[in-house]
Amino acid sequence: MGYLAGVARFPKPAEGSWTQHYPELGTAPISYEDSTSPEFSELERDAIWKRAWLEVGRVEQLPRNGSYFTKELAVAKTSIVVVRGLDGEVRAFHNICRHRGNKLVWQDFPREETSGSCRQFVCKYHGWQYALDGGCTFVQQESEFFDLDKADYGLVPVHCDVWAGFVFVNLDREPSQTLRDFLGPLVGALEGYPFDQVTERFSFTAEIPANWKVFVDTLQEQYHAPIVHRNQRPETFDAPMQVYGFEAPHYQLDGPHRMLTTPGILPWNLPDDQVKPMERLVRSGLFGPWDAPDLGELPAGMNPGGCDPWGISLFLVFPNFGIQFWERGWYHTYHHWPTSPSSHRFELNLYFTPSNNARERLAREMAAITFREFALQDDNLIVAQQAMLESGVVERFPLGDQEILCRHLHAVVAQWVDDWRNAPAAV
Ligand code: FES
Ligand SMILES: [Fe+2]
């Protein structure tokens, strides 16, 4: 059975399956109407995107007082600017000038994100100025206005908090939970990971013609791996998968969040004919640079199932943020930002410890582009899936036990939409 033979098997929960361990999920076939209906997407906008904590960047993107970046949040019909103030505090504001609504911070193209460093924000239209704490500090020809008090015209703040160096915002007027309460124990247990040491970043984005949940689903189940990624892996791993399929050893849910683990594998011990010459040369491939940095003791929360050998853990932070840790001392993140009911912007960021020489740099690039190819294989497939889901020909789809995280995502989305519909304020 190849590498699976050496992997400790984790008995499924006593109830007999991962899914039945969470009886509230049920086992019935599910609808994908939530991924095709424009009306449902409108509900998601208010019920989820304007209420959940959303991860928008890393503190390393704000290295100095005065550093800022913008984030386009088309799904909430806004743009925000996140800035480290002159007092060192990280704050977020809607990116709109209080005079006549111009987008305040942008460079050459108004719809593109930007970043930089400044001591104040100046509107490109009539020159109003704002301090980095949001206060309006200057109005051109102020005396021509009527009873205007600059104190009433500060930037509109957005709730903002930082966890483990990740900057989150919440567009709700009054978030119902603090960020830490929202993240809960499963995600909170990742806090000790040395994110501040793993900072060499490679970024990719793609416009995907599929609903955001359809893509999340393909990343959060491994049932498809032997088929979609066939022949991407070395023969030693691939051949047994073709016969036996693949089973991840641990799944776990916590509130709206979820995770899965896959076993450890050792690509650097493979026979020569299964490793590309370039991979051997730069000592890197799909599983990352072969030489792992010493990151010290890592938090046990990365591997809550205690899987040994441990290889990968993927945490899906509701609604659209994924963090995947690799045994070789690196991690990557996913974001899915809806742009319409049937499209979204996909962001992939891969993080490594800074390279010390050219070979290490090439090793990181090799890992980054190899993994990107994997992600693009999924991406290509879901375009086809979205097209046929929209036909509406089939109403219910059966999910296997290893598709528990997909079942969970759709259940949580439905729950948030129901909660919002039933909330007194929505009436
Ligand atoms: S719209 Fe910004 S100064 Fe007029
Ligand atoms: Fe995949």
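Reply: A polar contact is a pair of N or O atoms within 3.5 Å; within protein, one of the two must be able to donate a hydrogen and the other to accept it. The model is predicted.

With that cut-off, the side chain of Glu55 makes a polar contact with the side chain of His335, at 2.6 Å. Glu55 belongs to strand 1, which covers residues 54-58. A polar atom of the Glu55 side chain also lies 3.3 Å from the backbone nitrogen of Gly57.

Glu55 is buried and has no salt bridge. The nearest side chain of opposite charge is that of Arg58, 6.2 Å away. A salt bridge needs a side-chain nitrogen of Lys or Arg within 4 Å of a carboxyl oxygen of Asp or Glu.

Leaving aside neighbours within four places in sequence, Glu55 is in contact with Phe166, Val167, Phe168, Phe321, His335 and Trp337. Phe166, Phe168 and Phe321 belong to one aromatic cluster, whose members also include Trp163, Tyr193, Phe195, Phe315, Phe325, Tyr331 and Tyr351. Arg58 lies over the face of Phe166, 4.4 Å from the ring centre.

The structure holds 30 aromatic pairs. One of them is formed by Trp49 and Trp212, edge-to-face, with 5.0 Å centre to centre and 75° between the planes. This pair links distant parts of the chain: Trp49 is in helix 1 (residues 38-49) and Trp212 in helix 3 (residues 212-219), 163 residues apart. Both Trp49 and Trp212 are buried.

Trp128 and Phe145 form another edge-to-face pair, 5.8 Å centre to centre with 75° between the planes. Trp128 lies in the loop between strand 6 (121-122) and strand 7 (129-130), and Phe145 in the loop between strand 8 (136-138) and strand 9 (157-163), so the pair ties together parts that are 17 residues apart in sequence. Trp128 counts as buried because its relative accessibility is 3%, whereas Phe145, at 31%, counts as partly exposed.

A charge also sits over a ring at Trp106: the charged end of Lys124 is 4.9 Å from the ring centre.

Methods. Residues numbered from 1 in each chain as written. Chains lettered and ligands numbered in written order. Predicted model: local features only at pLDDT ≥ 70, side-chain atom pairs only at ≥ 80, totals over all residues. Heavy atoms only, no water. Phe/Tyr/Trp six-rings, centres within 6.5 Å; stacked < 30°, edge-to-face > 60°. Helix = DSSP H or I, 4+ residues; strand = E, 2+ residues; numbered from the N terminus. Buried < 20%, exposed > 50% of the residue type's maximum accessible area, 1.4 Å probe, protein only. Lys NZ or Arg CZ within 6 Å of the ring centre and 35° of its normal. Lys, Arg positive; Asp, Glu negative; His and termini not counted. Contact = heavy atoms within 4.5 Å.
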